[in-house]
Amino acid sequence: MNQNTEKLVQLLRSNRRMDGSILAAYCRVTSKYGDNDDAAALFRVFAEQPSDYRRTMLLDPIMRCGDLALAEEIGYFCFEHGMLKEDMPSELFHVLGYMGYEKYTGYMVDCIGANDYDLSQNACLGLLHLPCESYQEQLEKELEKVYGQALFPEFLPALSFKFADEQIIPRLLAWGEQASTDCNAGLVFGISMFGEAQKDQVKRILMKPHWEMYSTGTGSHWWGYMSMQTVGLTFGELVADFKGRSENAGMDKQTMEYELEVLHDLLELKLADDPHPARFSPLNPESVTDLYQKVFQWSSEHNDDSVPGRISSCLGYKHPLLDKYMHLRFKMELGMRQELELQALTKHG
């Protein structure tokens with residue numbers, strides 16, 4: 001068990017009042033650098049008080065660092081008569097699926113349509129990782145039951161790749177045009193599950209106002225960023241595309257403002273470095289230093305073609321987006337320092 005995990009265990013067992021952001025930071029480090037010993041130790045702490053929301057945070061490093069033997073132990077402790085025990089969090093579905101534990105696959109499928117948002121979401125996220133050949137017909141029927149509705153089990157469309165091929169994509173896109181923005185995260189994520197061939201589709205969704213892929217309280221922008229990674233869409237491509245169209249095509253003010261909001265909020269998620277919910281997804285490889293240059297650097301001392309420069313010249317030097325990008329610049333400067341320090345530490349062992 002590493003020192004970070006030991007400290008996390010001590011903090012939780014001390015019952016000290018602790019802000020969730022601090023615990024989340026400890027969990028994130030163990031998720032990145034821990035192993036099965038760390039996962040097993042954290043599961044023991046979780047099992048002491050499984051209904052404590054703070055201990056539910058331990059499930060992320062547990063699922064990312066644990067092995068199948070631990071998954072079996074989790075299943076034995078948290079399930080009874082083939083069902084999740086009453087005091088257990090639904091995140092356990094995601095945990096066991098991510099770890100490749102198949103025993104409760106059928107139960108997860110049955111929970112997709114439950115009148116419980118968290119239960120349905122975590123069942124879908126768990127099923128992303130599990131073989132579903134025996135449940136293809138059931139999954140397809142569940143989707144057809146709600147197809148076209150504004151509100152539906154939000155992450156059910158993320159399972160489309162389990163029972164359909166790419167021919168379903170136009171239907172998912174059409175659905176997104178009429179779905180509530182409270183429910184479209186699963187649609188963009190589901191389209192991304194078909195892989196790199198859907199890169200252009202995801203890019204269009206991100207920049208299409210109807211989808212509201214910025215931070216409005218729906219969380220769709222977070223799933224938009226995760227979808228970017230699944231299809232291999234980079235920020236370099238987004239920035240270059242924005243600069244090209246805003247310079248050459250005479251982008252209207254409303255469109256420019258929307259795309260700048262989306263780009264800003266997605267870049268903030270890049271800096272947050274949240275782990276991906278799908279074990280098999282590639283991760284965004286771009287360095288913060290490279291992105292800083294693409295967003296803020298001038299191409300020459302006489303030509304401010306940076307993103308803030310484009311805001312100033314097209315929208316005015318008092319536009320509120322300038323302040324947002326100045327705050328982002330400060331965050332990216334901190335991110336660069338952390339990135340370079342980590343590179344130095346890694347190089348010198």
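I started with Leu342 and found it in helix H19, residues 320-347 (helices are DSSP runs of H or I, at least four residues, numbered from the N terminus). This is a predicted model, where local features need pLDDT of at least 70, side-chain atom pairs count only at pLDDT 80 or more, and totals for chains, interfaces and linings use all residues. Residues are numbered from 1 along each chain as its sequence is written, and side-chain values use heavy atoms, with hydrogens and water left out.

Buried or exposed? I got a relative accessible area of 43% for Leu342, so I noted it as partly exposed (buried is under 20%, exposed over 50%, partly exposed in between; 1.4 Å probe, protein chains only).

Next I checked Tyr225, in helix H14, residues 220-231. Tyr225 has 4% relative accessibility, so I put it down as buried. Beyond its neighbours within four places in sequence, Tyr225 is in contact with Phe235, Leu266, Leu269, Lys270 and Asn284 (contact: heavy atoms within 4.5 Å).

Last, I looked at H7 (residues 91-98) against H9 (residues 117-127): their angle is about 0° and their axes are 7 Å apart. That makes the two helices roughly parallel (angles under 35 degrees; axes are lines fitted to C-alpha atoms over the stretch in contact, with angles from 0 to 180 degrees between N-to-C directions). On the H7 side I listed Glu91, Phe93, His94 and Gly97 as making the contact.

Technical notes
Parallel < 35°, antiparallel > 145°, perpendicular 65-115°, else oblique.
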